[in-house]
Amino acid sequence: FLPCVAADGGGLGITVYEGPTTCANNDADPNEPLTRVVNDYVVGVHFTVTIDESSKAGERGAKIESSLDRGIAPSFPVGQGKVIPGLDQGLVGLCKGSKAHIVIPPHLAYGDSGVPNSKVPGGVTLRYDVEILDIKKPSPNDFALIDQNNDGRLSKEEAKAYFDSKGQMIDLEALFKEEDKDRSGYVDWEEFSGPKGDGPPDIVVQEQRRKMQEEQAAQARAAAAQQQAQQPQVQAQEAQQQVADVFQQMDGDGDGKISKEELAAAFVAMGSEMTAEFWGESDVDGDGFVDFGEFVGDAGGKKRDEL
């Protein structure tokens, strides 16, 4: 789902067009399946969100996003601000197995600002087509109860306050020795072994994303540095290949060595004339040929410069 903004009133339009329209949860029987969406319960829902035909802004009927395109139905606790206010409110009371349209006015969606760099302009009225797939009671979350400042980690002071409120005596030093795996002085969400809900708190998710982005950036910098370090080697290999290409062009009969006649012909082709001194410097071992080793050596380098 797209990010959330604050709610400030009603104005929703909710139409159930398929499936049950009335349902109730039997709270007296914990084993009976849940059938009605209520606040704080976790709902699994498929959705498609478009710009409603009544909208005064945006392209009417344009699709914004759909869980059906991804093939994954998201789950989230209703009424806790995980989605836009209009959707939080519109899901309450719907029955498991039902399909509904929820028309959400701007003040319960993204207000006058909209969502920058997206298909959602300011003042847009949205339409959510939803299918209620599953409803579950929220998992116990002692972590959230202890984490009074909502920073995504538990301090000894917070733990003491929590257990004091329960009237429970606890050895904090022993508890933290067991729970604080990285010895940071805090117990974070991953370390906490007690009940901690259906997923990490938003601040933990944001921190995870930040770390992932930092790791990706570090990997990109390392790849760029490696590429830069390899450039001299690549350039040297390219230069060697150019020399080999020149040698092959001069070696007219392809025998792996350049005769005096072949080298002279190369000079003529370039509008010049080979001197006896140049030949002598090129044919280092005096066997009447210039092999590749001689060609790329000092004499060969001098020869190539002159060529």
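This is a predicted model: local features need pLDDT of at least 70, side-chain atom pairs count only at pLDDT 80 or more; totals for chains, interfaces and linings use all residues.
Local features are given where pLDDT is at least 70 and side-chain atom pairs where pLDDT is 80 or more, whereas totals for chains, interfaces and linings use all residues. Residues are numbered from 1 along each chain as its sequence is written, and side-chain values use heavy atoms, with hydrogens and water left out.

**View A. The disulfide between Cys23 and Cys95.** The sulfur atoms of Cys23 and Cys95 are 2.1 Å apart, which meets the criterion for a disulfide (a pair of cysteine sulfur atoms within 2.5 Å). The S-S torsion is about -95°, so this disulfide is left-handed. Cys23 lies in the loop between β1 (13–18) and β2 (42–51) and Cys95 in the loop between α2 (85–91) and β5 (99–104), so the bond ties together parts 72 residues apart in sequence. Helices (H or I, at least four residues) and strands (E, at least two) are DSSP runs, numbered from the N terminus. Both cysteines are buried (under 20% relative accessible area; exposed is over 50%, partly exposed in between; 1.4 Å probe, protein chains only).

**View B. The largest nonpolar core.** This core has 31 residues, and Leu87, Leu91, Tyr128 and Val130 have the most contacts inside it. At least two core residues come from each of β2, α2, β5 and β6. A nonpolar core is a set of buried Ala, Val, Leu, Ile, Met, Phe, Trp, Tyr and Cys residues joined through side-chain atoms within 4.5 Å.

**View C. The surroundings of Asn141.** Asn141 is located in the loop between β6 (126–136) and α3 (142–146). Asn141 counts as partly exposed because its relative accessibility is 28%. Leaving aside residues up to four places away in sequence, Asn141 touches Pro195, Lys196 and Gly197 (contact: heavy atoms within 4.5 Å).
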